[in-house]
Amino acid sequence: MKHSNLMRRFLLLALTAAAALTMLVLPASAAAYRQGDRGSAVTTIQTKLKNWGYYSGGVDGIFGSKTTEAVKYFQRKNSLTADGVVGSATQRALGMSSTDSSSGNNGSGDVYLLAKVISAEARGEPYSGQVAVGAVILNRVEHPSFPNTIAGVVYEQGAFTCMVDGQIDQPIADSAFQAARDALNGADPTGGAIYYFNPDTATSAWIWSRPLITVIGRHRFCS
């Protein structure tokens, strides 16, 4: 009997130690937000979605059914799993995280996202034209009429053709990474433009009304 009790105690200690070791070794997972949650993070999610035209409900910090539907809408529009849960990928898309573990070439989520758009929008353009597209995005970040993060500008509904036609998911041109870095370091061949368009494909009369600053490659850059 004593031997049996000792064995049970030994096994209990071993299991406790193993559980503690597992807790030390396994990394903590990023918080995910879903229906039923409340708090400042939910307020941030609602605010971003509302500012970008995905959410029409109240910004009350309560993750209800309207917020869930808005999250799903945002996810569908941006090639994310439309589960209504704001996990790490959706948080990055919303600009709630500054880093991206899948950023590969660069290690910075901002550089990676900027390079994706530059490549999708200006692949085949001269290098200065690629930097110019990055500069336009950064100029919008600083402009009061646009979201104040790179992710916010990029994912704003209807802002960039590549987000609609799927070009954003194409492989990233190597030059786009350097163009993104140059833009982030202050290079701006556009002279402060906040819009650009290709005159061969543009169908909006409004974009043609914007004051022209410069032409680089096939794009007209405007204020």
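Is the crossing of helix 5 and helix 6 left-handed or right-handed? Before the answer, some housekeeping. This is a predicted model, in which local features need pLDDT of at least 70 and side-chain atom pairs count only at pLDDT 80 or more, while totals for chains, interfaces and linings use all residues. Residues are numbered from 1 along each chain as its sequence is written, and side-chain values use heavy atoms, with hydrogens and water left out.

Now the answer: helix 5 and helix 6 cross in the right-handed sense. Axes here are lines fitted to C-alpha atoms, for helices over the stretch in contact, and angles run from 0 to 180 degrees between N-to-C directions.

Helix 5 brings Leu114, Val117, Ile118, Glu121 and Ala122 to the contact, and helix 6 brings Gly129, Gln130, Val133, Gly134, Ile137 and Leu138. Contact means heavy atoms within 4.5 Å. Sorted by class, the residues of this contact are seven nonpolar, three polar and one charged. The classes are Ala, Val, Leu, Ile, Met, Phe, Trp, Tyr, Cys and Pro as nonpolar, Asp, Glu, Lys and Arg as charged, and the others, Gly among them, as polar.

Next, the chain as a whole. It has 10 helices and three strands, in the order α-α-α-α-α-α-α-α-α-β-α-β-β along the sequence. These elements are DSSP runs numbered from the N terminus: helices are H or I with at least four residues, strands are E with at least two. The chain has 223 residues, and 39% of them count as buried. Buried is under 20% relative accessible area, exposed is over 50%, and partly exposed is in between, with a 1.4 Å probe and protein chains only. Of the contacts between residues at least 6 apart in sequence, 57% join residues at least 24 apart.

Pairing requires at least two bridges between two strands in DSSP. Strand 1 and strand 3 are joined by three bridges; Tyr195 has Cys222 as its bridge partner, and Phe197 is opposite Arg220. Strand 2 (residues 212–216) and strand 3 (residues 219–222) pair over four bridges, and here Leu212 is the bridge partner of Cys222. The hairpin of strand 2 and strand 3 has two residues between the strands, and Gly217 takes a positive phi near 60 degrees.

Is Glu125 buried or exposed? Glu125 is buried, because its relative accessible area is 7%. Beyond its neighbours within four places in sequence, Glu125 is in contact with Gln130, Ile216, Gly217, Arg218 and His219.

One more helix pair. Helix 2 (residues 40–51) and helix 3 (residues 65–77) have axes that come within 11 Å and cross at roughly 55 degrees. They are therefore oblique to each other, and their crossing is left-handed. Ile45, Gln46 and Leu49 of helix 2 meet Thr67, Ala70, Val71 and Phe74 of helix 3. The residues of this contact are five nonpolar, two polar and no charged.

Last, Asp174, which is in helix 9 (residues 174–184). Asp174 counts as exposed because its relative accessibility is 64%. Between Asp174 and Ala115 the C-alpha to C-alpha distance is 8.8 Å, with 59 residues separating them in sequence.

Technical notes. Parallel < 35°, antiparallel > 145°, perpendicular 65-115°, else oblique. Left-handed = near helix turned anticlockwise from the far one by under 90°.
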